[in-house]
Amino acid sequence: MKLLLLGAGGQLGQAFCQSPFWPGNNSLALNHAQLDITDSKALQQLITAYQPDVVINCAAYTKVALAQQQAELCLQINTNAVVHLAQLCAKAQCLLVQFSTDYVFNGEKGSAYIETDSTAPLNVYGQSKLLAEQAIQQHCQRYLIFRTSWLFSQYGHNFYRTMLTLAEKGTAISVVDDETGCPTYAGDVADAVLKVLAQYNQSDKAQFSYGIYHLASTPAVSWYQFASAIFAAHQLTPVLTAVSSKHWAGGVKRPAYSALNSRAFSTTFGISLPSWQQALTRLSRHRDKGD
Ligand SMILES: NC(=O)c1ccc[n+]([C@@H]2O[C@H](COP(=O)([O-])OP(=O)(O)OC[C@H]3O[C@@H](n4cnc5c(N)ncnc54)[C@H](OP(=O)(O)O)[C@@H]3O)[C@@H](O)[C@H]2O)c1
(Lines give C-alpha, C1' and ligand atoms only; values in the text may rest on other atoms or scores of the structure.)
Protein backbone atom coordinates (compact mmCIF):
# COMPACT_ATOMS: atom_id res chain seq x y z
CA MET A 1 0.00 0.00 0.00
CA LYS A 2 1.51 3.33 -1.11
CA LEU A 3 0.91 6.22 1.30
CA LEU A 4 1.20 9.91 0.47
CA LEU A 5 1.26 12.29 3.46
CA LEU A 6 0.67 16.01 2.86
CA GLY A 7 1.45 18.67 5.47
CA ALA A 8 4.18 16.48 6.97
CA GLY A 9 5.82 19.43 8.78
CA GLY A 10 2.83 20.19 11.06
CA GLN A 11 2.28 18.59 14.47
CA LEU A 12 0.04 15.78 13.23
CA GLY A 13 2.17 15.30 10.12
CA GLN A 14 5.28 14.89 12.27
CA ALA A 15 3.41 12.51 14.56
CA PHE A 16 2.62 10.30 11.54
CA CYS A 17 6.25 10.26 10.42
CA GLN A 18 7.43 9.36 13.95
CA SER A 19 4.78 6.69 14.56
CA PRO A 20 6.04 3.11 15.03
CA PHE A 21 3.28 2.15 12.55
CA TRP A 22 4.52 4.50 9.79
CA PRO A 23 5.71 2.41 6.82
CA GLY A 24 9.09 3.92 6.02
CA ASN A 25 9.21 2.31 2.60
CA ASN A 26 6.34 2.72 0.17
CA SER A 27 5.47 6.11 1.58
CA LEU A 28 6.12 9.71 0.65
CA ALA A 29 5.78 12.54 3.19
CA LEU A 30 5.88 16.12 1.89
CA ASN A 31 5.92 19.32 3.94
CA HIS A 32 4.57 22.74 2.93
CA ALA A 33 7.81 23.77 1.22
CA GLN A 34 7.80 20.55 -0.83
CA LEU A 35 4.15 20.79 -1.84
CA ASP A 36 1.71 23.67 -1.52
CA ILE A 37 -1.70 21.99 -1.64
CA THR A 38 -3.24 25.13 -3.18
CA ASP A 39 -0.98 24.66 -6.22
CA SER A 40 -3.51 22.63 -8.18
CA LYS A 41 -1.16 21.77 -11.03
CA ALA A 42 1.55 20.48 -8.68
CA LEU A 43 -1.04 18.48 -6.71
CA GLN A 44 -2.40 16.88 -9.87
CA GLN A 45 1.08 16.05 -11.16
CA LEU A 46 2.02 14.50 -7.83
CA ILE A 47 -1.05 12.22 -7.62
CA THR A 48 -0.66 11.21 -11.27
CA ALA A 49 3.06 10.46 -10.95
CA TYR A 50 3.12 8.81 -7.50
CA GLN A 51 -0.20 6.91 -7.81
CA PRO A 52 -0.81 6.52 -4.06
CA ASP A 53 -3.32 4.06 -2.63
CA VAL A 54 -3.95 6.43 0.29
CA VAL A 55 -3.53 10.19 0.69
CA ILE A 56 -3.34 11.44 4.29
CA ASN A 57 -3.97 15.18 4.34
CA CYS A 58 -2.49 16.89 7.40
CA ALA A 59 -2.00 20.21 5.58
CA ALA A 60 -4.30 22.90 6.91
CA TYR A 61 -4.69 26.51 7.95
CA THR A 62 -5.09 26.12 11.73
CA LYS A 63 -4.84 29.67 13.15
CA VAL A 64 -8.41 29.81 14.45
CA ALA A 65 -8.40 33.47 15.59
CA LEU A 66 -6.44 34.87 12.63
CA ALA A 67 -8.74 33.03 10.20
CA GLN A 68 -11.42 35.63 10.96
CA GLN A 69 -9.21 38.23 9.23
CA GLN A 70 -7.65 35.85 6.69
CA ALA A 71 -10.86 34.12 5.65
CA GLU A 72 -9.91 33.92 1.97
CA LEU A 73 -6.56 32.26 2.66
CA CYS A 74 -8.15 29.91 5.19
CA LEU A 75 -10.83 28.86 2.67
CA GLN A 76 -8.24 28.41 -0.09
CA ILE A 77 -6.21 25.96 2.00
CA ASN A 78 -8.89 24.23 4.08
CA THR A 79 -11.69 24.09 1.51
CA ASN A 80 -10.73 24.80 -2.11
CA ALA A 81 -7.52 22.76 -2.07
CA VAL A 82 -9.35 19.87 -0.36
CA VAL A 83 -12.16 19.98 -2.96
CA HIS A 84 -9.53 19.56 -5.66
CA LEU A 85 -7.74 16.85 -3.68
CA ALA A 86 -11.03 14.97 -3.25
CA GLN A 87 -11.66 15.10 -7.00
CA LEU A 88 -8.16 13.82 -7.75
CA CYS A 89 -8.46 11.01 -5.20
CA ALA A 90 -11.87 9.99 -6.55
CA LYS A 91 -10.49 9.85 -10.10
CA ALA A 92 -7.48 7.81 -8.96
CA GLN A 93 -9.69 5.53 -6.80
CA CYS A 94 -7.45 6.27 -3.89
CA LEU A 95 -8.53 6.55 -0.24
CA LEU A 96 -8.52 10.13 1.11
CA VAL A 97 -7.87 10.53 4.84
CA GLN A 98 -8.83 14.01 6.03
CA PHE A 99 -8.83 15.59 9.49
CA SER A 100 -11.62 17.80 10.69
CA THR A 101 -12.52 19.45 13.95
CA ASP A 102 -14.88 19.73 16.91
CA TYR A 103 -15.30 23.37 15.77
CA VAL A 104 -17.85 22.23 13.15
CA PHE A 105 -20.27 22.25 16.13
CA ASN A 106 -21.69 25.26 17.96
CA GLY A 107 -21.18 23.77 21.43
CA GLU A 108 -24.79 24.11 22.55
CA LYS A 109 -25.66 20.39 22.81
CA GLY A 110 -24.40 20.09 26.38
CA SER A 111 -23.09 16.53 25.98
CA ALA A 112 -20.50 14.84 23.77
CA TYR A 113 -21.21 15.14 20.05
CA ILE A 114 -21.76 12.09 17.85
CA GLU A 115 -21.10 12.00 14.11
CA THR A 116 -24.74 12.54 13.09
CA ASP A 117 -25.32 15.61 15.27
CA SER A 118 -26.13 18.82 13.41
CA THR A 119 -23.17 21.00 12.53
CA ALA A 120 -23.20 24.78 12.95
CA PRO A 121 -19.70 26.25 13.03
CA LEU A 122 -19.23 29.52 14.91
CA ASN A 123 -16.10 30.71 13.12
CA VAL A 124 -14.39 30.84 9.72
CA TYR A 125 -12.00 28.00 10.54
CA GLY A 126 -14.89 25.69 11.50
CA GLN A 127 -16.81 26.69 8.36
CA SER A 128 -13.80 26.01 6.13
CA LYS A 129 -13.35 22.53 7.62
CA LEU A 130 -17.07 21.71 7.35
CA LEU A 131 -17.16 22.72 3.67
CA ALA A 132 -14.22 20.38 3.08
CA GLU A 133 -16.06 17.51 4.79
CA GLN A 134 -19.08 18.11 2.56
CA ALA A 135 -17.00 18.24 -0.63
CA ILE A 136 -15.23 14.98 0.23
CA GLN A 137 -18.57 13.27 0.87
CA GLN A 138 -19.84 14.60 -2.44
CA HIS A 139 -16.84 13.60 -4.57
CA CYS A 140 -15.32 10.51 -2.95
CA GLN A 141 -16.52 7.01 -2.32
CA ARG A 142 -13.35 6.04 -0.50
CA TYR A 143 -12.80 8.52 2.31
CA LEU A 144 -12.18 8.65 6.04
CA ILE A 145 -12.76 11.96 7.81
CA PHE A 146 -11.55 12.02 11.40
CA ARG A 147 -12.88 14.86 13.53
CA THR A 148 -10.38 15.38 16.29
CA SER A 149 -9.88 18.12 18.89
CA TRP A 150 -7.42 20.10 21.01
CA LEU A 151 -4.36 18.33 19.56
CA PHE A 152 -1.19 18.47 21.60
CA SER A 153 2.26 17.03 21.13
CA GLN A 154 5.96 17.71 21.45
CA TYR A 155 5.87 19.17 17.89
CA GLY A 156 4.91 22.55 16.49
CA HIS A 157 2.61 25.14 18.01
CA ASN A 158 0.06 23.86 20.50
CA PHE A 159 -1.44 24.68 23.89
CA TYR A 160 0.71 22.12 25.73
CA ARG A 161 3.97 23.61 24.47
CA THR A 162 2.76 27.19 25.01
CA MET A 163 1.87 26.43 28.64
CA LEU A 164 5.29 24.85 29.32
CA THR A 165 7.14 27.77 27.73
CA LEU A 166 5.19 30.35 29.77
CA ALA A 167 5.62 28.41 33.02
CA GLU A 168 9.34 27.94 32.48
CA LYS A 169 9.71 31.71 31.86
CA GLY A 170 7.95 32.37 35.19
CA THR A 171 5.05 34.20 33.50
CA ALA A 172 1.71 34.46 35.37
CA ILE A 173 -0.82 32.59 33.25
CA SER A 174 -4.55 33.18 32.64
CA VAL A 175 -6.50 30.36 31.03
CA VAL A 176 -10.10 30.11 29.88
CA ASP A 177 -12.33 27.98 32.12
CA ASP A 178 -15.63 28.18 30.22
CA GLU A 179 -14.72 26.17 27.09
CA THR A 180 -14.72 22.40 27.41
CA GLY A 181 -13.35 19.84 24.98
CA CYS A 182 -11.26 16.70 24.59
CA PRO A 183 -7.49 17.17 24.54
CA THR A 184 -5.98 14.56 22.23
CA TYR A 185 -2.37 13.53 21.78
CA ALA A 186 -1.35 13.78 18.11
CA GLY A 187 0.80 10.64 18.40
CA ASP A 188 -2.21 8.61 19.52
CA VAL A 189 -4.24 9.87 16.55
CA ALA A 190 -1.46 8.97 14.10
CA ASP A 191 -1.02 5.48 15.61
CA ALA A 192 -4.77 4.79 15.54
CA VAL A 193 -5.20 6.00 11.95
CA LEU A 194 -2.24 3.93 10.74
CA LYS A 195 -3.78 0.85 12.40
CA VAL A 196 -7.04 1.59 10.55
CA LEU A 197 -5.08 1.85 7.30
CA ALA A 198 -3.50 -1.55 7.98
CA GLN A 199 -7.08 -2.92 8.22
CA TYR A 200 -7.95 -1.10 4.99
CA ASN A 201 -4.99 -2.69 3.25
CA GLN A 202 -6.30 -6.17 4.11
CA SER A 203 -9.94 -5.34 3.36
CA ASP A 204 -12.33 -5.78 0.49
CA LYS A 205 -12.30 -2.13 -0.65
CA ALA A 206 -15.95 -2.25 -1.70
CA GLN A 207 -17.01 -3.25 1.83
CA PHE A 208 -14.79 -1.02 3.96
CA SER A 209 -16.35 1.23 6.64
CA TYR A 210 -15.71 4.60 4.99
CA GLY A 211 -17.18 7.73 6.53
CA ILE A 212 -16.83 10.38 9.23
CA TYR A 213 -15.57 9.36 12.67
CA HIS A 214 -14.90 11.26 15.85
CA LEU A 215 -11.42 10.52 17.15
CA ALA A 216 -10.59 12.23 20.42
CA SER A 217 -9.39 11.25 23.88
CA THR A 218 -11.28 11.50 27.14
CA PRO A 219 -12.14 12.92 29.62
CA ALA A 220 -13.54 16.27 28.50
CA VAL A 221 -12.07 19.21 30.45
CA SER A 222 -11.78 22.99 30.26
CA TRP A 223 -8.61 24.66 28.99
CA TYR A 224 -7.93 25.68 32.60
CA GLN A 225 -8.24 22.07 33.82
CA PHE A 226 -6.00 20.92 30.97
CA ALA A 227 -3.39 23.56 31.87
CA SER A 228 -3.50 22.48 35.53
CA ALA A 229 -2.91 18.84 34.48
CA ILE A 230 0.01 19.83 32.24
CA PHE A 231 1.69 21.69 35.11
CA ALA A 232 1.05 18.86 37.57
CA ALA A 233 2.55 16.30 35.15
CA HIS A 234 5.65 18.43 34.76
CA GLN A 235 5.86 19.44 38.43
CA LEU A 236 5.57 23.12 37.54
CA THR A 237 3.80 25.60 39.81
CA PRO A 238 3.15 28.83 37.87
CA VAL A 239 0.63 31.42 39.01
CA LEU A 240 -2.44 30.15 37.14
CA THR A 241 -5.76 32.02 36.99
CA ALA A 242 -9.05 30.81 35.52
CA VAL A 243 -10.74 33.42 33.32
CA SER A 244 -13.86 33.68 31.17
CA SER A 245 -13.50 33.47 27.38
CA LYS A 246 -14.97 37.00 27.33
CA HIS A 247 -11.62 38.06 28.80
CA TRP A 248 -9.95 37.41 25.42
CA ALA A 249 -10.68 40.06 22.81
CA GLY A 250 -9.67 37.72 19.98
CA GLY A 251 -12.88 38.44 18.08
CA VAL A 252 -13.50 34.75 17.44
CA LYS A 253 -16.32 32.64 18.83
CA ARG A 254 -15.53 29.11 19.93
CA PRO A 255 -17.95 26.41 21.08
CA ALA A 256 -18.48 26.31 24.85
CA TYR A 257 -18.78 22.50 24.97
CA SER A 258 -17.36 20.57 22.03
CA ALA A 259 -16.48 17.17 23.52
CA LEU A 260 -16.50 14.41 20.89
CA ASN A 261 -17.92 10.93 21.45
CA SER A 262 -15.54 8.47 19.72
CA ARG A 263 -17.55 5.29 20.34
CA ALA A 264 -18.33 4.73 16.63
CA PHE A 265 -14.61 4.68 15.85
CA SER A 266 -13.88 2.16 18.65
CA THR A 267 -16.73 -0.19 17.73
CA THR A 268 -16.03 -0.06 13.99
CA PHE A 269 -12.26 -0.56 14.09
CA GLY A 270 -11.75 -2.16 17.53
CA ILE A 271 -9.30 0.59 18.51
CA SER A 272 -9.57 3.01 21.45
CA LEU A 273 -7.40 6.02 22.11
CA PRO A 274 -5.59 6.17 25.46
CA SER A 275 -6.80 8.93 27.78
CA TRP A 276 -5.02 12.26 27.27
CA GLN A 277 -3.68 11.95 30.85
CA GLN A 278 -1.83 8.76 29.87
CA ALA A 279 -0.32 10.59 26.90
CA LEU A 280 0.65 13.51 29.13
CA THR A 281 2.42 11.18 31.56
CA ARG A 282 4.38 9.58 28.70
CA LEU A 283 5.29 12.99 27.29
CA SER A 284 6.44 14.33 30.66
CA ARG A 285 8.66 11.26 31.22
CA HIS A 286 10.32 11.79 27.83
CA ARG A 287 10.80 15.47 28.54
CA ASP A 288 12.34 14.77 31.95
CA LYS A 289 14.79 12.37 30.28
CA GLY A 290 15.57 15.13 27.74
CA ASP A 291 14.31 13.05 24.75
N1 LIG B 1 -4.40 21.50 16.21
C2 LIG B 1 -5.59 21.16 16.69
O3 LIG B 1 -5.90 21.37 17.87
C4 LIG B 1 -6.60 20.51 15.79
C5 LIG B 1 -7.87 20.22 16.31
C6 LIG B 1 -8.81 19.62 15.47
C7 LIG B 1 -8.49 19.31 14.16
N8 LIG B 1 -7.24 19.61 13.68
C9 LIG B 1 -6.95 19.28 12.29
O10 LIG B 1 -5.88 18.34 12.27
C11 LIG B 1 -5.06 18.55 11.10
C12 LIG B 1 -3.62 18.72 11.51
O13 LIG B 1 -3.49 19.86 12.37
P14 LIG B 1 -2.11 20.24 13.07
O15 LIG B 1 -2.38 20.49 14.49
O16 LIG B 1 -1.05 19.27 12.67
O17 LIG B 1 -1.83 21.66 12.37
P18 LIG B 1 -0.45 22.39 12.14
O19 LIG B 1 0.54 21.97 13.16
O20 LIG B 1 -0.79 23.83 11.97
O21 LIG B 1 0.03 21.78 10.75
C22 LIG B 1 -0.55 22.15 9.53
C23 LIG B 1 0.52 22.05 8.48
O24 LIG B 1 -0.06 22.39 7.23
C25 LIG B 1 0.90 23.17 6.54
N26 LIG B 1 0.26 23.97 5.51
C27 LIG B 1 -0.42 25.14 5.64
N28 LIG B 1 -0.80 25.57 4.44
C29 LIG B 1 -0.35 24.65 3.52
C30 LIG B 1 -0.43 24.56 2.12
N31 LIG B 1 -1.04 25.50 1.38
N32 LIG B 1 0.15 23.50 1.51
C33 LIG B 1 0.79 22.56 2.25
N34 LIG B 1 0.91 22.60 3.57
C35 LIG B 1 0.33 23.65 4.21
C36 LIG B 1 1.53 24.03 7.61
O37 LIG B 1 2.76 24.53 7.13
P38 LIG B 1 3.22 26.03 7.56
O39 LIG B 1 3.43 25.96 9.03
O40 LIG B 1 4.47 26.21 6.75
O41 LIG B 1 2.09 26.93 7.14
C42 LIG B 1 1.71 23.01 8.73
O43 LIG B 1 2.92 22.31 8.59
C44 LIG B 1 -5.68 19.76 10.40
O45 LIG B 1 -6.57 19.32 9.42
C46 LIG B 1 -6.45 20.47 11.49
O47 LIG B 1 -7.52 21.23 10.97
C48 LIG B 1 -6.30 20.20 14.46
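Q: What makes a helix crossing left-handed or right-handed?
A: A crossing is left-handed if the near helix is turned anticlockwise from the far one by less than a right angle, and right-handed if clockwise. Here, helix 1 and helix 6 cross in the right-handed sense. This is a predicted model, where local features need pLDDT of at least 70, side-chain atom pairs count only at pLDDT 80 or more, and totals for chains, interfaces and linings use all residues. Residues are numbered from 1 along each chain as its sequence is written, and side-chain values use heavy atoms, with hydrogens and water left out.

Q: At roughly what angle do the axes of helix 1 and helix 6 cross?
A: Start with the terms. Helices are DSSP runs (H or I, at least four residues), numbered from the N terminus. Axes are lines fitted to C-alpha atoms, for helices over the stretch in contact, and angles run from 0 to 180 degrees between N-to-C directions. Helix 1 covers residues 11-18 and helix 6 covers residues 186-202. Their axes come within 8 Å and cross at roughly 55°. Helix 1 and helix 6 are therefore oblique to each other. Angles under 35 degrees count as roughly parallel, over 145 as roughly antiparallel, 65 to 115 as roughly perpendicular and the rest as oblique.

Q: Which residues of helix 1 meet helix 6?
A: Contact means heavy atoms within 4.5 Å. Gln11, Leu12, Ala15 and Phe16 are the helix 1 side. They meet Ala186, Gly187, Val189, Ala190, Val193 and Leu194 in helix 6.

Q: How do helix 2 and helix 3 pack, and at what angle?
A: Helix 2 (residues 40-50) and helix 3 (residues 71-92) pack at about 25°, with axes 10 Å apart. That makes helix 2 roughly parallel to helix 3. Helix 2 passes helix 3 in a right-handed crossing.

Q: Which residues of helix 5 and helix 7 meet?
A: Phe159, Tyr160, Met163, Leu164 and Ala167 come from helix 5. Trp223, Phe226, Ala227, Ile230 and Phe231 come from helix 7. The axes come within 10 Å and cross at roughly 60°.

Q: How many residues surround the ligand?
A: A residue is near a molecule if one of its heavy atoms lies within 4 Å of it. 23 residues surround the ligand, and the closest are Leu12, Asp36, Thr62, Tyr125 and Lys129.

Methods: Helices (H or I, at least four residues) and strands (E, at least two) are DSSP runs, numbered from the N terminus.
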